Amino acid sequence: MKNRRLTAVLLAAPLTFMTLGTATAAQAVVPELQVDSLVLSRGSVAVSSLNTVPVTITLEGSTTTSDYSTYYVEFDRSAGTGPDKELYSTPLKLIKGTINDGTWQGVVNVPSTVNGTMKAVSVLGGSHPYGCSQCGFDKVADVDGPALVVTGVHIPKVTGTATPAAVPVGKPVTIKWKVIDSQTGKPYGTKLKTLVATESACADGVLDAALSDVNGVVTINQKSNQGMYCFGFPGNPAPFYRTAIGVDSVPVITAAPAKTSAPVGSVVPVNGTVAYVAGCTVNLQRLYGASQWRTVGTAKVRTSARFTLSAQPSYKGNIPYRVQFPACNNFVAGVSKTFTIKGI
């Protein structure tokens with residue numbers, strides 16, 4: 001599998017969660033570029049399945065700085081229902097004049113997944129914002145640019161599932177991505193080039209190339225659950241149909257009383273741990289009757305992953321207790337093993 005470095009700003013673009021808001025590397029507008037005209041070679045385009053169609057962009061403008069020799073155009077959705085809500089051009093390079101007063105030209109590769117109306121909203125400046133995780137770029141001009149009407153047909157639909165659906169951190173999990181034609185409900189019938197990544201790699205912008213089978217299925221066997229998994233299709237300059245799923249984690253709860261017997265009415269500390277959930281709540285529960293558990297104490301998990309609760313035997317004899325963890329963050333609810341404290 002081949003690593004593909006993509007800038008974190010693109011992966012911070014909206015993900016479809018089964019479901020990164022628009023984030024430009026530098027949000028402050030630097031009013032150094034005067035855009036005289038921004039023209040598209042065509043105002044509408046039809047795109048099918050996983051294909052892309054290039055549309056030429058011509059930019060004329062002037063600037064008083066020599067900071068930028070290359071520009072990029074960002075498009076945002078103004079209407080429509082495609083799964084992708086933004087689009088970036090490839091580098092617009094100087095074809096006429098000088099970097100202070102000239103004409104730049106490049107293309108925007110349009111996928112079917114931007115089905116709807118995409119409007120040019122800003123010009124970005126920088127030497128190489130794509131393909132370099134340490135490189136940044138600036139928004140040098142807001143524009144009320146031309147609209148591009150995209151008719152997407154046979155748009156891909158991607159679903160992601162995890163088996164098991166919830167798994168302790170560090171335990172194996174299998175992720176299955178499936179791609180179908182949203183128009184026919186069937187696979188495209190050929191192997192597809194895709195991009196996949198896990199947890200920190202999703203945010204860092206390092207994706208691996210993965211080839212689906214003829215049924216559009218990509219299976220990833222993870223030896224250790226990472227919690228978040230993302231997917232996309234290779235594009236130029238950025239992936240399209242960026243989406244992600246989060247795999248719920250099962251809490252591993254340990255709990256034990258400081259004493260296994262104590263006088264009725266006395267306080268017995270109950271100590272335990274739940275990893276990776278600092279700040280979440282745990283409840284001490286006592287068994288009433290044959291099957292009814294009632295909460296008799298509450299505490300927060302400390303940054304050390306430890307917690308302390310207080311039990312208070314209310315009668316003589318063995319009293320069953322457990323620690324219950326309500327669902328918190330991406331961890332599902334769980335309980336510890338039952339333990340007893342004997343009231344004496």
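A: Let us begin with burial: a residue is buried under 20% relative accessible area, exposed over 50%, and partly exposed in between, with a 1.4 Å probe and protein chains only. By that rule, Cys 280 and Cys 328 are each buried. The model is predicted, so to be read with these limits: local features need pLDDT of at least 70, side-chain atom pairs count only at pLDDT 80 or more, and totals for chains, interfaces and linings use all residues. Residues are numbered from 1 along each chain as its sequence is written, and side-chain values use heavy atoms, with hydrogens and water left out.

Q: How many disulfides does the rule give?

A: A disulfide is a pair of cysteine sulfur atoms within 2.5 Å. The count here is two. In one of them, Cys 280 pairs with Cys 328 at a sulfur separation of 2.1 Å. The torsion about this S-S bond is -75°, and the link is left-handed.

Q: Where do Cys 280 and Cys 328 lie?

A: Strands (E, at least two residues) and helices (H or I, at least four) are DSSP runs numbered from the N terminus. Cys 280 is in the loop between strand 24 (268–274) and strand 25 (281–288), and Cys 328 is in the loop between strand 28 (317–325) and strand 29 (334–335), so the link ties together parts 48 residues apart in sequence.

Q: Which residue does a disulfide join to Cys 202?

A: Cys 202 is joined to Cys 230, with an S to S distance of 2.2 Å. A torsion of about -110° about the S-S bond of Cys 202 and Cys 230 makes this disulfide left-handed. Because Cys 202 belongs to helix 2 (residues 199–204) and Cys 230 to strand 19 (residues 228–233), the pair ties together parts 28 residues apart in sequence. Both cysteines, Cys 202 and Cys 230, are buried.

Q: Which residues touch the most other members of the largest nonpolar core?

A: A nonpolar core is a set of buried Ala, Val, Leu, Ile, Met, Phe, Trp, Tyr and Cys residues joined through side-chain atoms within 4.5 Å. The largest has 27 residues, of which Ile 57, Tyr 71, Phe 75, Val 110, Val 123 and Val 150 touch the most other members. Strand 5 gives the most to this core, four residues. Apart from it lies another core of 22 residues, including Tyr 321 and Phe 339.

Q: What is Val 110 in contact with, beyond its neighbours within four places in sequence?

A: Contact means heavy atoms within 4.5 Å. Among the partners of Val 110 are Val 45, Val 53, Leu 87 and Val 150.
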